[in-house]
Amino acid sequence: MKIGVLTGGGDCPGLNAVIRAIVRTSEAQNSRVIGLRNGWKGLWEPSPMDLDQKDVSGILHVGGTIIGTSRTNPLKSPDGADRVLKNFRLLRLDALIAVGGEDTLGAASRFYDMGLPVVGVPKTIDNDLYGTDFTFGFDTAVSIATEAIDRIHTTAESHNRVMVVEVMGRHAGWIAAYSGIAGGADVILIPEIPIDLDEVCDLILRRHSRGKLFSIVVVAEGAQFSEKAGEEGKLILQERRQDEFGHVRLGGISQVLAKAIEHRTKYETRFVVLGHIQRGGTPTAHDRVLATRFGVHATEMVHQGDFGKMAALAGNKIVSVPLSEATSQLKTVDPKLYELAKNFFG
Ligand code: F6P
């Protein structure tokens with residue numbers, strides 16, 4: 001078989017581990033793998049690259065993706081779908097493995113309905129893809145954010161400051177919830193559950209009244225800012241312009257929050273935006289193993305002709321779930337997990 005592989009959307013640690021697993025498993029089946037560069041762009045303006053064992057040697061522990069990625073939406077223009085399907089035929093591919101999050105796999109699901117033999121692999125540091133317990137990349141992002149919170153802790157304590165740490169998470173606060181619990185945050189703000197400024201300041205004041213003169217606030221970039229209970233929260237944007245999938249660029253809520261906390265409580269407050277540091281660099285052992293298991297499973301699905309599905313984690317088993325189901329909604333933070341985190345606030 002001749003199998004095309006693409007990685008789309010924001011990059012994430014573990015992508016190279018998936019590519020390596022796909023190539024190694026395919027070669028054992030006498031199949032050939034073609035890398036389609038820069039996400040869906042690789043079927044829009046093809047510049048394919050042959051991938052064999054030597055191309056994927058030494059990449060398991062390397063961050064990023066050797067075949068590149070982009071936020072190209074092939075279905076945005078009216079002739080997009082025809083062009084992708086035509087290029088798929090011209091490249092004489094028998095199957096496609098699309099590695100991505102909600103946007104990349106949403107497009108894969110639509111192409112499957114148009115007859116494209118496609119299989120998905122779930123990736124995103126945000127962990128917000130429905131149909132899988134975890135995506136790879138998330139564990140690495142949480143580890144990086146937790147290490148950062150640990151470091152911020154000591155400087156916050158030395159200076160008696162409030163420190164606001166902004167982590168990624170556009171629609172879901174998984175990274176904030178996990179790194180906040182692991183790092184012992186005094187307040188965690190996530191997009192799913194609004195907390196207004198009054199509540200945040202009350203928690204910090206309560207902590208200070210117990211003799212703790214520093215606090216750590218962890219906030220997801222997609223959390224909404226509101227001054228008072230009942231007031232409609234607003235998203236803090238870096239850029240209003242939308243990408244091809246209609247997403248604005250978030251960022252800056254930590255700065256707004258830090259200023260407001262300092263103004264309200266009179267405690268010296270600073271902010272840190274972790275940004276793309278959470279997405280770069282070497283994947284954790286957990287993500288390397290998960291990405292490898294997903295890659296092997298997706299290649300097996302291709303060889304069994306089990307298309308229109310995504311490799312997924314259910315408990316500790318790798319299973320196949322329909323792409324239509326995986327992209328039907330987002331997986332948001334379990335309210336029970338947030339309730340647990342709240343026990344440690346303030
Ligand atoms: O989708 C994953 C994500 O990391 C989001 O949390 C974040 O908003 C976005 O990517 C940033 O994307 P970009 O790298 O395109 O600015």
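In this predicted model, an oxygen atom of the ligand sits 2.8 Å from an N or O atom in the side chain of H276. The side chain of R279 likewise places an N or O atom 2.8 Å from a ligand oxygen atom. For E221, the distance between a side-chain N or O atom and an oxygen atom of the ligand is 2.6 Å. These residues belong to the surroundings of the ligand, which are made up of R71, I125, D126, M168, G169, R170, E221, H276 and R279.

Turning to the helices, α4 spans residues 138–159 and α5 spans residues 174–182; their axes approach within 9 Å and cross at roughly 45°. This angle makes α4 oblique to α5, and the crossing is right-handed. On the α4 side, F138, A141, V142, A145, T146 and I149 take part, and they meet W174, I175, Y178, S179, G180 and A182 of α5. Sorted by class, this contact has 9 nonpolar and 3 polar residues, with no charged ones.

A further helix pair is formed by α6 (residues 197–209) and α7 (residues 253–265), which pack at an angle of about 60° with axes 10 Å apart. The two helices are therefore oblique to each other, and their crossing is right-handed. From α6, the contact draws on L197, D198, V200, C201, I204 and L205, while α7 contributes L257, A260, I261, R264 and T265. Here the residues divide into 8 nonpolar, 1 polar and 2 charged.

Definitions and conventions
Residues numbered from 1 in each chain as written. Predicted model: local features only at pLDDT ≥ 70, side-chain atom pairs only at ≥ 80, totals over all residues. Heavy atoms only, no water. Axes fitted to C-alpha atoms, helices over the stretch in contact; angles between N-to-C directions. Helix = DSSP H or I, 4+ residues; strand = E, 2+ residues; numbered from the N terminus. Parallel < 35°, antiparallel > 145°, perpendicular 65-115°, else oblique. Left-handed = near helix turned anticlockwise from the far one by under 90°. Contact = heavy atoms within 4.5 Å. Nonpolar A, V, L, I, M, F, W, Y, C, P; charged D, E, K, R; others polar. Near = heavy atom within 4 Å. Polar contact = N/O pair within 3.5 Å; in protein donor to acceptor, adjacent residues only side chain to side chain.
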